[in-house]
Amino acid sequence: AGKLRCGPDCYDYRIPSLGMATYMVYSGKTLFEMQAKYGKEPLRLNYRYPKMRKAHPAWDKDPNFMTFSAYRHISVADIIQGRLSADEKADLKDGITLLGATALGAFDHVPSPFMVQMPGVEVHATTIDNIIYKDQLKDQDPFWVTMLILFLPWAAVFLNRYSIKTMVISGFAIMLALLVFDVYMRAVLYDMPFIVLLSAFFLPFLYLVVDKGLTENREKR
């Protein structure tokens with residue numbers, strides 16, 4: 001408790017989130033160390049892809065009773081009653097355990113990149129996971145993102161000099177290249193505004209394709 005006490009000299013320090021406070025206890029780091037490292041801007045989480053897991057593996061034999069989650073869910077009732085599988089016991093030993101509601105009727109559910117409704121406790125688990133493995137996402141340089149947003153509409157204008165067939169093929173190639181670029185940047189832990197970049201090219205491109213098609217039809221008539 002002494003490490004978390006703060007006097008007038010540190011009024012600007014933030015109250016740590018559950019995930020951050022849990023990591024502090026786990027690692028032995030102080031509030032001042034965490035504030036110096038992560039206090040300048042919000043942590044941009046790198047969410048883990050969820051997978052299907054057997055619910056209550058130690059005693060429930062129903063193969064259809066599964067949970068879809070990024071982290072293992074262990075029933076508190078199973079812990080109290082001593083009904084845990086060997087894998088669950090191994091995960092609990094020397095690990096970090098967060099207590100939270102996971103039932104769909106519970107209030108604490110939030111959307112994630114992979115799930116419409118994800119238990120809020122998994123957000124805190126993701127925070128801890130990212131800090132431990134040092135793989136949270138980073139923002140791309142705003143200057144280069146801005147330059148790319150300004151360039152993409154002119155790429156669509158440049159394609160307007162060619163036939164509609166060539167425009168469409170080239171346009172889809174550019175959009176595919178943007179998708180590949182976004183996947184690559186995510187792989188190296190950079191967060192790119194993919195929808196913004198795609199819109200910067202697709203909207204003017206769509207307008208030019210429609211306008212060119214209507215113009216050519218008028219000329220043929």
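Visitor: Why is Ala 155 called buried?

Guide: In this predicted model, side-chain atom pairs count only at pLDDT 80 or more and local features need at least 70, while totals for chains, interfaces and linings use all residues. Residues are numbered from 1 along each chain as its sequence is written, and side-chain values use heavy atoms, without hydrogens or water. A residue is buried under 20% relative accessible area, exposed over 50% and partly exposed in between, with a 1.4 Å probe and protein chains only. Ala 155 has a relative accessible area of 11% and is therefore buried. The residue belongs to helix α6 (residues 142-159); helices are DSSP runs of H or I with at least four residues, strands are runs of E with at least two, and both are numbered from the N terminus.

Visitor: How far is Ala 155 from Ile 174 in sequence and in space?

Guide: The two are 19 residues apart in sequence, and their C-alpha atoms are 9.0 Å apart in space.

Visitor: What makes Phe 143 and Trp 144 an aromatic pair, and of which kind?

Guide: Rings of Phe, Tyr and Trp (its six-membered ring) pair if their centres lie within 6.5 Å; planes under 30 degrees apart are stacked, over 60 edge-to-face, and the rest tilted. For Phe 143 and Trp 144, the centres are 5.0 Å apart and the planes stand at 80 degrees, which is edge-to-face. Phe 143, at 48% relative accessible area, is partly exposed, whereas Trp 144, at 56%, is exposed.

Visitor: Why is the pair of Phe 201 and Phe 205 given its own label?

Guide: Their ring centres are 5.2 Å apart and their planes are at 15 degrees, so this pair is stacked. Both residues lie in helix α8 (residues 194-220), 4 residues apart, which means a separation of about one helical turn. Phe 201 is buried at 0% relative accessible area, and Phe 205 is buried at 5%.

Visitor: What makes the charged end of Arg 83 count as sitting over the ring of Trp 59?

Guide: The criterion is that NZ of Lys or CZ of Arg is within 6 Å of the ring centre and within 35 degrees of the ring normal. The charged end of Arg 83 sits over the ring of Trp 59 at 4.3 Å from its centre.

Visitor: How do you know that Asn 130 is buried or exposed?

Guide: Its relative accessible area is 0%, so Asn 130 is buried. Asn 130 lies in helix α5 (residues 121-133). A polar atom of its side chain is 2.7 Å from the backbone nitrogen of Asn 46.

Visitor: Why is the contact of Arg 44 with Asp 139 called a salt bridge?

Guide: A salt bridge requires a side-chain nitrogen of Lys or Arg within 4 Å of a carboxyl oxygen of Asp or Glu. The closest N and O atoms of Arg 44 and Asp 139 are 2.7 Å apart, and the pair forms a salt bridge. Arg 44 lies in the loop between α2 (31-38) and β1 (51-54), and Asp 139 in strand β5, so the pair ties together parts 95 residues apart in sequence. Arg 44 is partly exposed at 35%, as is Asp 139 at 42%.

Visitor: What makes Arg 48 and Asp 135 a salt bridge?

Guide: Their side chains meet at 2.9 Å, N to O. Arg 48 lies in the loop between α2 and β1 and Asp 135 in the loop between α5 and β5, so the pair ties together parts 87 residues apart in sequence. Both residues are buried.

Visitor: Which residues are joined with Arg 186 into one network?

Guide: Arg 186 and Asp 191 form a salt bridge, with the closest N and O atoms 2.7 Å apart. Arg 186 is partly exposed at 36%, and Asp 191 is buried at 17%. Through salt bridges that share partners, Arg 44, Asp 139, Arg 186 and Asp 191 are joined into one network.

Note on methods
A polar contact is a pair of N or O atoms within 3.5 Å; within protein, one must be able to donate a hydrogen and the other to accept it, and residues adjacent in sequence count only if both atoms are side-chain atoms.
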